[in-house]
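Please look over the sequence and the structure shown here before reading the briefing that follows. The notes after it are grouped by topic.

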2 protein chains.
Amino acid sequence: MALLFCTFRPSVALPSRFFAGQRRSITIKQLEAAKNDRERVVILGSGWAGYNLARSLNPKKFQTVVISPRSYFVFTPLLASTSVGTLEFRTALEPVRSRGSKYEYIQGRADAVDFGKKEIMVRETVRDPNQGLLGVRAGEVKDERPLEMRIEASRGSLFSMHYDKLVISVGSYSQTFGIPGVKENAFFLKDVQDARKIRNKLLSCFETAALPTTPVALKKQLLNFAIVGGGPTGIEFSGELKDIFEDDMSRLYPQLAEHVKITVYDVADKILPMFDEKLAGYALEHIAKGVTVKTSHRIKELRRGFPNIEGVGDFHDDVKASGFTLSLENGHQSEVGCGFVVWSTGLMSNPFVAKALSSSFTAPASCVRLLSNIDDSPESSADWEVQKHPRTGSIVTDDYLRVQLGSSASHSEPQPAAILRDVFALGDCAVIDGTQYPSTAQVAAQKAKWLAKKLNKGDINTQGFSFMSQGIMAYIGRMNAIVQMDKGSLSGRAAWMMWRGAYLVKSISWRNRLLIPMYWTINWIFGRDISRF
Amino acid sequence: MALLFCTFRPSVALPSRFFAGQRRSITIKQLEAAKNDRERVVILGSGWAGYNLARSLNPKKFQTVVISPRSYFVFTPLLASTSVGTLEFRTALEPVRSRGSKYEYIQGRADAVDFGKKEIMVRETVRDPNQGLLGVRAGEVKDERPLEMRIEASRGSLFSMHYDKLVISVGSYSQTFGIPGVKENAFFLKDVQDARKIRNKLLSCFETAALPTTPVALKKQLLNFAIVGGGPTGIEFSGELKDIFEDDMSRLYPQLAEHVKITVYDVADKILPMFDEKLAGYALEHIAKGVTVKTSHRIKELRRGFPNIEGVGDFHDDVKASGFTLSLENGHQSEVGCGFVVWSTGLMSNPFVAKALSSSFTAPASCVRLLSNIDDSPESSADWEVQKHPRTGSIVTDDYLRVQLGSSASHSEPQPAAILRDVFALGDCAVIDGTQYPSTAQVAAQKAKWLAKKLNKGDINTQGFSFMSQGIMAYIGRMNAIVQMDKGSLSGRAAWMMWRGAYLVKSISWRNRLLIPMYWTINWIFGRDISRF
């Protein structure tokens, strides 16, 4: 039996006892063998940046290996639609492995990088029970022990891999600003399991409210739905929520219609700040029929369980525990009971970026290019640090998406001292030095397209990346949308048709291009599916 | 606030302290108010019997209330297709609440019945984390305390309801014959979450086997799939499994194709015993290309974790723990490691039937009709017992689907002493005295249709139910099926088209009649979706 294996000894600089006596599959050898004379590009993440890049790299020139904890790409603009059943979940997904794909895929996440040796340490996550959840909780590095001890504890799932080029496109997590209870109790809209949780919870709230034993005061709280964040995601979700209530729930639960309430809270004094005032005003007026917008409200806490309600005894403890209490401040304090709270405000660093890329390291001159405008350049073997954006914590890159380095000696120095050779960062986890491009799918996809073109041609240094905005849009419910482009803006039914058309065209597979209009039509005719499982 | 509620005092014979001080919603009053002069038919369960009956009862004559832990009906013949992604899960579901439905629905399960007072005790199950799982574990009454204590412990979710007519169609659970570890470790194919678990586990086994660190010996065990039970469900599932391997997995994981193995085990000496020998022989020969059938094998145990494999160290403990070991006996003992074991053999009583209906009770003469052929009939206030089938534990009914009673005094007496008035039992939980009708969807649906017709007409006593077999069929993979009818039998591609046609026609909603062929076509062209979440 032992003849079937070879002893594979990874070359990463970890104490050899971690690998002593272990036998590895020949598959990693097969990967080496299949490489031939190609360069290996390791892409971390399968979001807008990573997935688009993997699909565009020339397989004759590069052996591309995608490493991602998600075995699929999420078409995020349609996630809100799937969370209420306007679309089926899989219509917003593309499996990373597909019949035509020319890259390798490993389900896992990067745990550590050795930039000097060009090695990454991968932790396989195939059986991770949290996969598909991209709220703040999922994939969190809760383990605060030193790296070596962590490796010792779970060495079975760790292995190292050499790269010629590394692309960091691990995305970001939801920002909860340290507000108590939000991490634990809010619902997010970042990944498909998040959408699935919302759909199930929404239907469960209605079914609980429909029980003959549920008092009216509890019905009102179960059917009170809060959204925190007045950006496009929050507003689109409120529009979708309004749609399912008006189209479906009002017919299926007619006796509950009077109790339903949707509220959007934002700490700022207006919603949709990225749209011009006329469009934002139009949207506000449109969604007002069914959605209450409360600006200048600060969230103080989100805790499990409804607030105490007069006249509802402990007979209903179980129902009361299933809800949430949102504490608000707007001049004065208040508390509201909600069936659920969807949190869609702000991004924070992925733990990989925040932790694995936070320690200083040494690297040989071959891996680091000193910048010419630095006079007192440190030795190439000096202690380097990945440069991070001071406010967001994102990886800072140059115009060529190459990771910038600071010297840990000159920590207070905002100027980059060098760039890492062959290491790129794009998507929500990265920002180009001096730019203000938004953290959107559009920017991520354009960066991926630019990088693929440059790598395929081999002329990375000729012209840097610049973002060309193709406009922004938001669905606002009842077959209505707003669209803002350089050429002008649009609102109403025509904008909605443009919204649908754009996402249909941008959908990646023909499978989804057929299924999406099919579901739009079927759900329009027959209503949304409310089976809950 | 308190004015909104009324104090509803259920009339079931439970100590009044259980209800003291509790306030109920007015909704149960609304239910009473909406009843008008109609009789209330309470249907327990939303399977083939319950769902079809609810849809067919005349809403002018009856106030129908469906009580079921599942908010949907499962079109069981398509479940195997959904477990590998040939169809999307929801195409095999119909929500109990729909736009056109004329009945009430409460998500819950019956906990107890007072046949004398015509009251059922309902436990709401809206937030039951096990819903959608109909393996043996789900919904099990693990709580062995006396009923009164259980009620005290969770009175918040219990309430009582009066019925004029009661229909018991709670279905059955999978029979595991007390074999150690099966209940805990096997995968079942009874409900949609069961199918979802299989789909995720299947894809997870491939993804684990594809990791560069997985040794060949583990790959072989991860990709060894066992099915216990050579009936139509087991054989159909093996055919679907073969299809996804040949159509999709062999292209997406070409390096793993050589390790895949499917085995069907049965304790009997042949498979598909309900088909004639020629058809069963045809099926056996057809599936043999890809599926190994092992008859006369007895399962001794199913335990978590792979058996010890020479040469695979503790480095892979995590992967080894994710699999299963099946102990077999066939003259000699053997053990095999499997990625999963699907269990599709036999049915056992639902806990409601096994426990709640097992105690003796007294009932006034208005609820019980003594049978004329019993001479020494006990007093109508005597201790009665629901008659159960001695082998299967099913509820025994007469030809009119009415529950038969025995006197607990004459326990050894196989003859029924009386029938319960206005209480019917149908579906997999019931059997007509003296018949051998199989426990199939066809029998359940025909009984429901018969009962609806009789109740709507009000002539329950005129002519008893008799089953008209419309034939049996089974899909056997690679666009091939077998069909056996009174008029003759069919096999091959034509039988497959008949199989698809029959289930498409029998599909209940137009929504699914459109979606099912859409998915058949799209998955045939583009392949099955392997996103796992």
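This is a predicted model: local features need pLDDT of at least 70, side-chain atom pairs count only at pLDDT 80 or more; totals for chains, interfaces and linings use all residues.

**Helix 6 of chain A**
- Helix 6 of chain A is mostly covered, since 17 of its 18 residues are buried.

**Aromatic rings**
- Over all chains the count comes to 43 aromatic pairs.
- One of them joins Phe187(A) and Phe324(A), whose ring centres are 6.1 Å apart and whose planes stand at 85 degrees, so the pair is edge-to-face.
- Phe187(A) lies in the loop between helix 5 and helix 6 of chain A, whereas Phe324(A) lies in strand 14 of chain A, so the pair ties together parts that are 137 residues apart in sequence.
- Both Phe187(A) and Phe324(A) are buried, and they belong to one aromatic cluster that has Phe206(A), Phe225(A) and Tyr253(A) among its members.
- Tyr400(A) and Trp450(A) form a tilted pair, with 6.3 Å centre to centre and 45 degrees between the planes.

**Charges over rings**
- In chain B, Arg513(B) lies over the face of Trp510(B) at 4.8 Å from the ring centre, and Arg196(B) lies over the face of Phe533(B) at 6.0 Å from the ring centre.

**Cysteines**
- The structure holds zero disulfides over all chains.
- For Cys205(B), the nearest cysteine sulfur is that of Cys338(B), 9.8 Å away.
- Cys205(B) is buried, with a relative accessible area of 1%, and Cys338(B) also counts as buried at 1% relative accessibility.

Conventions. Residues are numbered from 1 along each chain as its sequence is written. Chains are lettered from A and ligands numbered from 1 in the order in which they are written. Side-chain values use heavy atoms; hydrogens and water are left out. Buried means under 20% relative accessible area, exposed over 50%, partly exposed in between (1.4 Å probe, protein chains only). Helices (H or I, at least four residues) and strands (E, at least two) are DSSP runs, numbered from the N terminus. A disulfide is a pair of cysteine sulfur atoms within 2.5 Å. Rings of Phe, Tyr and Trp (its six-membered ring) pair if their centres lie within 6.5 Å; planes under 30 degrees apart count as stacked, over 60 as edge-to-face and the rest as tilted. A charge sits over a ring if NZ of Lys or CZ of Arg is within 6 Å of the ring centre and within 35 degrees of the ring normal.
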